[in-house]
Each structure stands twice: as structure tokens, then as C-alpha cells.
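Hi everyone, thanks for coming.

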Amino acid sequence: IEIGDQVAVAAGMHLCGALSPRLLDIFSGVSALRGLVLCPCCLKGSLGKGVKAAAKRDGRTYEEVLSETLVGVAKSMLAEAGLQGCQVREEVDDAILSPKRRLVVASKGRPEEHDQH
């Protein structure tokens, strides 16, 4: 994908099941994408069960643990891709009137920072 000087951002709202990890995979693998905003819904399989168990064990909401888990997954994927200068964090948007208001926000460094690898 060639976009010149434009910035491409991936956005996912209320992504269910494997869609959140899939969007993170796309973000880490597509060099043209510079930013990501992800509002997850749920996870299935062993990762989802782990999130549910950790939330119950720690007395926290599923959404808190889910977003923190996906921040960790994003950081791991970006590191495995050899990308440096990336930032990943969790944001809470109180204007969203739903428990699903936690966002995973990520940005990659400038392209020249990645070209060295």
C-alpha cells in the first residue's frame, strides 16, 4: 500500500471474538498504517477465558482486563515485527455510555525509524 505523505489509521469499534487480535495483527503487519484506535467487545477461546478468570480473581471488570490484555498483545506483536518507536496505551472515553468504553490506542514511529531494521 502506497499512500505518500498521508497518514492511514485503523479503527475498530465493538470488535468481537478474534476480530480485535486480528486488527492488531493487521496494524503490526501493514507498514502504511501509522495509528490504531480499537474499542474491543470480547475475546473467545483461551485468551478470553484468561481475561474472564483474571477479572473475577482480581475483582475488576472484564472490560478493564480485556483492554489491558490487548495492550499487551499489541506491544508483543509490534516488538515481534521489529518495530521500534511505537506507543500503545489504554484510554477511557467517558462520552461512550457503555461499559465498552475502553480503547486501545497505538501509534508507530515515523517510517524512517523503521527503515533502519
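Which strands does helix H3 lie across? Helix H3, residues 62-80, lies across E2, E3 and E4 and runs at about 165 degrees to E3. Helices (H or I, at least four residues) and strands (E, at least two) are DSSP runs, numbered from the N terminus. Angles run from 0 to 180 degrees between N-to-C directions, with axes fitted to C-alpha atoms, for helices over the stretch in contact.

A word on the source: this is a predicted model, where local features need pLDDT of at least 70, side-chain atom pairs count only at pLDDT 80 or more, and totals for chains, interfaces and linings use all residues. Residues are numbered from 1 along each chain as its sequence is written, and side-chain values use heavy atoms, leaving out hydrogens and water.

Now the sheet. Four strands form an open sheet in the order E1-E2-E4-E3, with mixed pairing; two strands pair if DSSP finds at least two bridges between them. Strands E1 (8-15) and E3 (87-92) are at the edges with a single partner strand each, so one side of each has no neighbour in the sheet. E2 (33-40) and E4 (102-107) pair in the antiparallel sense over four bridges, and Gly35 stands opposite Ser107 in E4. Helix H1 (19-29) packs on this sheet, touching E1, E2 and E4 (contact means heavy atoms within 4.5 Å), and its direction makes about 175 degrees with that of E2.

Finally, the cysteines. With a disulfide defined as two cysteine sulfur atoms within 2.5 Å, the count is zero.
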